[in-house]
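Try each task with the structure on screen before you read its solution.

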Amino acid sequence: MLELKAVSKRFGGVVATDRVSMQVRQGEVHALIGPNGAGKTTLVNLISGGLAIDSGEMLFERKPLGNLKQSRRVLAGLARSYQITSIFRGMTVLDNLALAVQARSGTSFSFFNSITSERRLFDEAASIGEEVGLKAKLGSISSTLAHGEQRALEVGLALATKPRLVLLDEPMAGMGPEESARMVALIETIRAKVTVLLVEHDMDAVFRLADRISVLVNGRVIASGTPAEIRADPAVKTAYLGEEAPA
Amino acid sequence: MKRALAVLLLAVALPWALEYFDRTFYVSFASRVMIYAIAATSLNLVLGYGGMISFGHAAFVGTGAYAASILFVEGVTSAWIAWPVAVLAAAAAAWLIGAASLRTRGVYFIMITLAFAQMAFYLVNSMKAYGGDEGLTLTGRPDLGFSLGNEIAFYYVVLGFLSLILFLLHRLARSRFGRVIQAMRENAPRAEAIGFPVFRYQLACFVIAGAVGGLAGALLAAHGKYVNPGVLHWTQSGTLMVMVILGGVGRLWGGVLGAAVLLTLEHLVADYRIGWLASLAPNYQQHASLAVGVVLLVVVLFAPHGIAGLMARKRHA
């Protein structure tokens, strides 16, 4: 589905991504873990097209991504959510999601006809809102939502683009246990339809959800494998999991 | 909608009323206000709806004004040719300037649009064949199949354009395109990340606004039968910006209200002498911007959504 070959990115003298090679297979939930500053978000930015790679190659569904713009990657089926919530704060939840639906349904170089006549956009947006647990909040201005709800909308925006691969950058950031559980449940429901690359610090969630895990330390992938393999990997233990490793 | 129709009816009746009260000078003044309203509304599309702080909008007004005027002195007196050419010329200028400027963000975008407009200003200043810094005096107004020499006929033509542009902006704001540019105003990176190529949409918005600005320029030249490089000066861009901020950023009526208030204020300061102020500052009447400054301050501090925002709030209350 997604293949990275020796992808590198440096910022001045800092090597943020150091010859990263990894594969995300169709249909899996692939977790990307690593300590703070390991370069996880940089890698997400490189894959999504928010940043350009310095060297290496990325293939999405066997086609090279090259320097395809971010919006084109989204239309090709590769979407992301953000670690720091990035939504259209002044708009309602429904309008937020309808925009994402609009982006993939025909040209938006249409200047005269009112969008409200396009029922289908809003019906689809509403069903995505329902899927991410915001059914009761569709009419609310998104800046008024609680933190957990904004996080759900964040993920909803990515899902509303109908991706085949979605990059979720710490979807549970700042969430309480109850909200985290809801997010885990949401990822459980979408995994049947969409491949997930999950960046997450919550190890319980990672080991519950992931089919495979890659461990990033100092911009390098030091291990890649099933949760059991990762748990047993001595290099991972010393570099990252330490004593926090779940039993 | 009802309110818009009422305003339109009043505007249609205005020349009769002025004639009745023997104040026909104000017909021409009202045309000028409406032309500036068109220019300010076009800037509001970029600035208010699109969230792009363009500080060079006078370049497009000026391009339209000069395109129409040059055609006129070269013998093309038909408005049916001159005005579309002015609009296309301004659109082309906006496309060029936008394509370069929209690669930057924030304060760099403000500065680069300003720089382009100033370059255009110096360019026309040095066009000796077309008046250079003295400008071009036109022998009349272009012909629309009927003469526009009559102030009342010209007034109705301008009113027609302004009404059309407000109607189209009203539609655009609710269209697919309008939603996209307003989303980009709020959060451009996110708009890109849900699949909208930000640059293309912003450039399209910039070009549309430039084209409408060019129409305003052509009308302005016809109105005064004169054009000089001053229409491209950066202070003109500033004036248009002040109009938008006064009237209401991102509000349909923002440009109209801002133009009306600012020009009326200028007119009042220049024509009605206040005794005690004159004894204090004898030539204060040449500095109408002082009064404009005070009003702008009050609006920005107490009505952050401009006069249009104030009126909308009253209506909802």
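**Exercise 1. Find the residue in β9(A) that is the bridge partner of A:Ile33, then describe the neighbours of that strand.**

Step 1. The bridge partner of A:Ile33 is A:Val215 in β9(A). This is a predicted model, in which local features need pLDDT of at least 70 and side-chain atom pairs count only at pLDDT 80 or more, while totals for chains, interfaces and linings use all residues. Residues are numbered from 1 along each chain as its sequence is written, and chains are lettered from A and ligands numbered from 1 in the order in which they are written.

Step 2. Helices (H or I, at least four residues) and strands (E, at least two) are DSSP runs, numbered from the N terminus. Two strands pair if DSSP finds at least two bridges between them. Strand β3 (residues 29–33) of chain A pairs with β9(A) over four bridges, in the parallel sense.

Step 3. β9(A) is also joined to strand β10 (residues 220–225) of chain A by five bridges, and these two run antiparallel. Here A:Ser214 stands opposite A:Ser224. Two residues lie between the strands of this hairpin, where A:Asn218 takes a positive phi near 50 degrees.

Step 4. A residue is buried if 20 or more other C-beta atoms, placed from the backbone, lie within 10 Å of its own; it is exposed if 12 or fewer do, and partly exposed in between. Strand β9 (residues 212–217) of chain A has five of its six residues buried.

**Exercise 2. Work out the strand order of the open four-stranded sheet in chain A.**

Step 1. The order is β2-β1-β4-β5, with antiparallel pairing.

Step 2. β2 (14–24) and β5 (63–64) of chain A are the edge strands, each pairing on one side only.

Step 3. Between β1 (residues 2–11) and β2 of chain A there are seven bridges. In β2(A), A:Val20 is the bridge partner of A:Val7.

**Exercise 3. Decide how covered helix α5(A) is.**

Step 1. The helix spans residues 147–160 of chain A and reaches 20 Å from its first C-alpha to its last, close to the expected 20 Å. The expected span is 1.5 Å times one less than the number of residues.

Step 2. Of the 14 residues in α5(A), 11 are buried, among them A:Arg151, A:Leu153 and A:Leu157.

Step 3. The cover includes β6 (78–81), α3 (93–103), α4 (119–131), β7 (165–169) and α6 (177–190) of chain A.

Step 4. Just after the helix, A:Lys162 takes a positive phi of about 55 degrees.

**Exercise 4. Describe the side of chain B that touches chain A.**

Step 1. Two residues are in contact if their C-beta atoms, placed from the backbone, lie within 7 Å. By that rule, 20 residues of chain B are in contact with 28 residues of chain A.

Step 2. On chain B, α6 (151–174) and α7 (176–193) are the elements that give two or more residues. α7(B) gives the largest share, 11 residues.

**Exercise 5. Find out how compact chain B is.**

Step 1. Chain B has 13 helices and two strands.

Step 2. Its radius of gyration, taken over C-alpha atoms, is 19 Å, close to the 20 Å that the globule rule gives for 317 residues, so chain B is as compact as a globular protein of that length. The globule rule is 2.2 Å times the number of residues to the power 0.38.

Step 3. Buried residues make up 50% of the chain.
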